[in-house]
Amino acid sequence: MAATAPPPAAALEQLSKTKMFGGHNLRFRHQSATLGCPMTFSLFLPAAPASKLPVLYWLSGLTCTDENFIIKSGAQRAAAAHGVALVAPDTSPRGLNVEGEADSWDFGVGAGFYLNATNEKWKNWRMYDYVVKELPEVLSGNFEQLNMSCASIFGHSMGGHGALTIYLKNTDKYKSVSAFAPIANPINCPWGQKAFSNYLGSAKSEWEEYDATCLIKKSNGVSTSILIDQGEDDKFLAEQLLAGNFEEACKAVGVPLILRMQPGYDHSFFFIATFIDDHIAHHAQFLKSA
Amino acid sequence: MAAAAPPPAAALEQLSNTKMFGGHNLRFRHQSATLGCPMTFSLFLPASPPSKLPVLYWLSGLTCTDENFIIKSGAQRAAAAHGLALVAPDTSPRGLNVEGEADSWDFGVGAGFYLNATNEKWKNWRMYDYVVKELPEVLSGNFEQLNMSCASIFGHSMGGHGALTIYLKNTDKYKSVSAFAPVANPINCPWGQKAFSNYLGSAKSEWEEYDATCLIKKSNGVSTSILIDQGEDDKFLAEQLLAGNFEEACKAAGVPLNLRMQPGYDHSFFFIATFIDDHIAHHAQFLKSA
């Protein structure tokens with residue numbers, strides 16, 4: 001008896017579907033060829049529009065799955081109003097049982113840092129390729145209603161780092177970028193140093209490839225302003241996030257940055273929920289005019 | 001050595017304070033004299049207003065704590081815009097270790113049904129008195145900025161049942177009521193029958209005292225329209241929620257009910273988040289004109 005063919009790599013298993021703001025929160029699982037494990041992602045599709053939907057990718061921070069944003073951000077309100085689809089991947093491969101992968105909350109599982117690891121031990125940690133290449137292919141092959149060539153990207157904390165670095169390396173693929181409390185200069189903070197020293201080799205040049213403050217210096221394709229909201233009462237600001245370094249770098253190269261320091265706000269989803277409408281409106285202006 | 005005096009019953013321990021939409025999500029713990037155990041509650045205070053803030057109480061459903069609403073509903077957006085304080089108590093006493101209190105998700109802990117139990121075993125289950133009497137006293141004694149005489153009440157599922165029944169028995173204390181997918185006729189559904197048969201005696205008249213569909217028949221103080229949103233794809237609708245029974249009773253009693261059946265929506269917080277702005281606007285019109 002012939003063995004059954006494995007399901008096509010882009011086959012999706014729908015896990016849930018729930019109506020919200022006239023559209024639907026959908027959740028899927030698929031086998032990721034890039035990461036070598038099953039991955040879940042969430043998708044918010046506003047009500048059926050007249051034309052294809054632009055896509056806004058959200059990258060979450062340390063310890064998150066694809067669900068936190070969908071449950072806590074309230075983003076669907078503005079996404080529905082502007083007619084923009086939201087895509088939220090997970091933050092790392094899961095279930096691979098790499099030794100030590102779950103020892104810390106800031107490294108390994110739930111802490112993929114949106115890079116392609118070069119260290120043999122962490123070879124499955126290729127979230128950069130997953131977000132930039134595989135996920136768009138999966139979406140393109142399964143959702144006709146999405147305009148895959150009309151996309152922007154944003155995120156929080158480690159996901160803010162992911163959004164900024166992915167955008168700066170692919171300005172042809174994304175119309176705009178924004179971030180909430182991003183890890184803006186990882187080579188100079190404990191979270192970034194821990195991640196890079198384990199995932200990457202020791203070459204400084206490798207590290208700088210995943211640092212927004214370094215990348216902005218050689219940016220040549222930034223055509224829209226970058227919006228960043230940063231809480232002033234964020235306990236991670238001084239040691240881990242370093243928004244000021246990114247601000248200086250943007251000034252030095254003349255990249256338009258709107259850095260809004262928000263008095264009294266912390267690092268939480270309450271902060272994200274407060275300003276999410278502004279970010280979605282920011283992206284909508286570039287996604288809808290494209 | 002004299003024993004230290006116990007802290008005053010109204011003493012609050014602040015557990016957290018997080019800025020959101022210009023106001024603050026606060027969480028407190030206090031020793032409840034009514035329930036005989038420590039209780040937590042959440043409070044959203046919008047930015048300092050020129051006058052005292054009206055109060056909008058939210059009662060949550062089965063399995064919830066005081067946190068679910070604060071994290072998932074997105075209510076703070078409209079509450080901040082309208083200048084209303086939100087108060088979210090927990091759904092039952094906790095930590096009393098009554099035999100069987102945690103055996104089911106729909107009875108006991110997390111399932112207080114907003115009544116005063118008469119069955120000796122459940123004598124601490126007095127969430128009716130906690131919400132109607134003790135919590136307002138605690139708030140009044142600790143938050144000068146609240147206008148305690150200007151209050152409304154709403155809730156979801158078991159909390160919708162709580163809001164409706166508490167309102168109908170205290171129309172002098174609340175300006176308006178609304179509900180999401182309320183357990184509107186508990187004497188006629190499995191959840192209600194299980195709760196009432198365990199918490200209350202067997203007298204039908206006792207049960208009817210906590211049933212909105214029964215109470216509406218003898219209502220004589222309903223001065224504002226009742227708003228109810230009910231998802232049509234709510235898997236609990238037919239067997240547990242019985243909105244239709246409440247609708248008939250309102251018609252018979254001439255009470256103005258705005259029952260909005262929502263196609264495609266389920267029982268979840270995604271449904272609540274979608275329509276929460278409408279409910280807060282509904283209450284604001286009565287709270288602000290008072």
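**The sheet of chain A**

Modeller: In chain A, 9 strands make an open sheet of mixed pairing, ordered S1-S2-S3-S5-S4-S6-S7-S8-S9. Strands here are DSSP runs of E with at least two residues, helices are runs of H or I with at least four, and both are numbered from the N terminus; two strands pair if DSSP finds at least two bridges between them. The model is predicted: local features need pLDDT of at least 70, side-chain atom pairs count only at pLDDT 80 or more, and totals for chains, interfaces and linings use all residues. Residues are numbered from 1 along each chain as its sequence is written, chains are lettered from A and ligands numbered from 1 in the order in which they are written, and side-chain values use heavy atoms, leaving out hydrogens and water.

Biologist: Which are the edge strands of chain A?

Modeller: An edge strand pairs on one side only, and in chain A these are S1 and S9 (257–262). On average, neighbouring strands of the sheet are turned by 20° against each other, direction ignored; axes are lines fitted to C-alpha atoms, for helices over the stretch in contact, and angles run from 0 to 180 degrees between N-to-C directions. S1(A) and S2(A) run antiparallel and are joined by 7 bridges, with A:Thr18 opposite A:Asn25 in S2(A).

Biologist: Which strands does H10(A) touch when it packs on the sheet?

Modeller: Contact means heavy atoms within 4.5 Å. By that criterion H10(A) touches S4 (53–59), S6 (146–156), S7 (177–180), S8 (226–231) and S9 of chain A, and its direction makes about 175° with that of S7(A).

**A strand of chain B**

Biologist: How is a pocket told from a cavity?

Modeller: Rolling a probe the size of a water molecule over the atoms shows where empty space is left. On a 1 Å grid over the protein atoms alone, a cavity is a set of points where a 1.4 Å probe fits but cannot get out; a pocket is an open set with protein on both sides within 12 Å along at least five of seven lines, and lining residues have an atom within 4 Å of a point. Grid points are joined across faces, edges and corners, and a volume is the space filled by probe spheres set on the points.

The largest pocket holds about 400 Å³. Of its 21 lining residues, A:Thr18, B:Asp266, B:Ser268, B:Phe269 and B:Phe270 are closest to the centre. The elements giving two or more residues to this lining are S1 (13–20), S2 (23–32) and H1 of chain A, together with H10 (269–288) of chain B.

Biologist: What is the volume of the largest cavity, and which residues lie nearest its centre?

Modeller: The search finds 1 cavity of 30 Å³ or more, and the largest cavity holds about 130 Å³. Its lining has 18 residues, with A:Lys72, A:Ser73, A:Gly74, B:Lys72 and B:Gly74 nearest the centre. H1(A) gives the most to that lining, with 3 residues.
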